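Student: I've got a model open on my screen and I'd like to talk it through. Can you take me around?

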Amino acid sequence: MGLVEGPVSCKERSTLQVKKRSGSYPRVRVEGGGRGVVSQAGSVLLVETVRKSGLDTAISAALAPWRKPRAVHDPGKILLDVALAVALGGDCLADVGMLRAESGVFGPVASDPTVSRLVDVLAASGPKALAAIRDARSHVRGRVWDLAGESSPAADGHVIVDIDGVLVLAHSEKQDATATWKKSFGHHPLVAFVDHGRSGSGEPVAALLRPGNAGSNTASDHIETAQLALAQLPKHLRRGRQTLIRTDSAGGTHAFLDWLSRRGRWLSYSVGMTITDAIHQAVLKIPKKAWTPAYDSGGSSGRAPGSRRSPTCPT
């Protein structure tokens with residue numbers, strides 16, 4: 001068992017002890033009495049999360065078809081190293097170098113050319129590699145939610161998936177970087193998050209990469225993102241009224257609403273709408289028996305003085 005320098009505190013010094021490797025990464029623990037500093041010691045939490053969830057073994061198994069017989073580095077480990085580098089602040093493939101400098105924490109890390117070659121190989125395989133990675137993530141997510149028990153976002157049998165577009169700024173001519181609708185420059189991905197409620201933030205489950213000039217109300221993109229998000233949920237939540245798809249007014253298009261309403265028996269949905277005069281007049285024609293009490297963002301029933309109530313969505 002070797003010693004790796006650990007983080008220093010004001011009262012005592014600590015040491016990261018490297019134990020026998022289990023999975024893709026070395027196993028380490030923090031003890032008092034050390035004499036140095038590991039610059040990325042906080043990443044041990046990320047590495048242990050990968051190990052405990054089984055994400056390393058799942059991704060490795062999923063990408064096994066893309067590993068050459070005599071390859072030194074496992075494709076799954078390389079991909080996870082890139083993800084860890086991003087979590088630690090990296091913004092390009094070469095930033096895996098910060099992991100390479102801490103082999104006691106991250107184990108062997110592939111060279112920059114090896115990382116680039118893997119990305120090229122996976123990209124050349126098209127949807128097949130993406131499907132393998134997504135299946136592995138879905139399987140591991142289900143396991144983590146089971147382990148979370150009452151802390152799971154679906155502990156009460158219901159789950160909310162929020163879909164929204166975000167702007168990612170680019171400061172140079174990156175691939176697909178274009179002018180955006182906010183007069184900035186970059187990308188406009190559409191992302192889906194599982195709502196963890198008041199006890200946590202959103203959990204990213206899907207992201208559709210798009211150029212900066214992609215439309216906010218593109219129904220086909222909302223449909224594809226919803227499909228990708230549903231595929232990430234445990235199987236019993238991929239259909240059923242206990243699963244709520246929620247978007248702002250960007251999702252208020254005929255095509256997306258038609259897609260959702262055709263699944264009325266299988267999904268619940270809440271889509272924001274821009275209230276034009278035509279929509280206002282149409283709402284006034286809805287019979288009183290079709291209205292139910294509105295709910296605020298905290299889930300409480302009620303309405304402000306002079307406000308109307310929300311119509312139910314017929315199925």
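Tutor: Let's start with α9: its buried residues pack against α8, β10 and β11. Contact here means heavy atoms within 4.5 Å, and buried means under 20% relative accessible area with a 1.4 Å probe, protein chains only. Helices (H or I, at least four residues) and strands (E, at least two) are DSSP runs, numbered from the N terminus. This is a predicted model, where local features need pLDDT of at least 70 and side-chain atom pairs count only at pLDDT 80 or more, while totals for chains, interfaces and linings use all residues. Residues are numbered from 1 along each chain as its sequence is written, and side-chain values use heavy atoms, with hydrogens and water left out.

Student: Which residues in α9 are buried?

Tutor: Look along α9 for side chains under the burial cut-off. The ones in α9 that count as buried are F256, W259 and L260.

Student: Why are they on the same side of α9?

Tutor: An α-helix has 3.6 residues a turn, so residues three or four places apart point the same way. The arc is taken from the directions from the helix axis to the C-beta atoms. These residues sit on the same side of α9 because the arc they cover around the axis is only 95°.

Student: What is the strand order in the five-stranded open sheet?

Tutor: Two strands pair if DSSP finds at least two bridges between them. The edge strands, β9 (203–208) and β11 (268–271), each pair on one side only. The pairing is mixed, and the order reads β9-β8-β4-β10-β11.

Student: Which residue in β8 is the bridge partner of I163?

Tutor: Strands β4 (residues 159–165) and β8 (residues 190–194) run antiparallel, joined by five bridges. Follow I163 across to β8 and you land on A192.

Student: At about what angle does α8 run to β9?

Tutor: Axes are lines fitted to C-alpha atoms, for helices over the stretch in contact, and angles run from 0 to 180 degrees between N-to-C directions. Helix α8 (residues 219–232) lies across β4, β8, β9 and β10 (243–247). Its angle to β9 is about 140°.

Student: There's also an open sheet of three strands; what is its order?

Tutor: Its edge strands are β5 (168–169) and β6 (178–179), each pairing on one side only. β5 pairs with β7 (residues 185–187) over two bridges, with V168 opposite H187. The pairing is antiparallel and the order is β5-β7-β6.

Student: How many of the chain's 315 residues, as a percentage, count as buried?

Tutor: The protein chain has 10 helices and 13 strands. Of its 315 residues, the buried share is 37%.

Notes:
Buried < 20%, exposed > 50% of the residue type's maximum accessible area, 1.4 Å probe, protein only.
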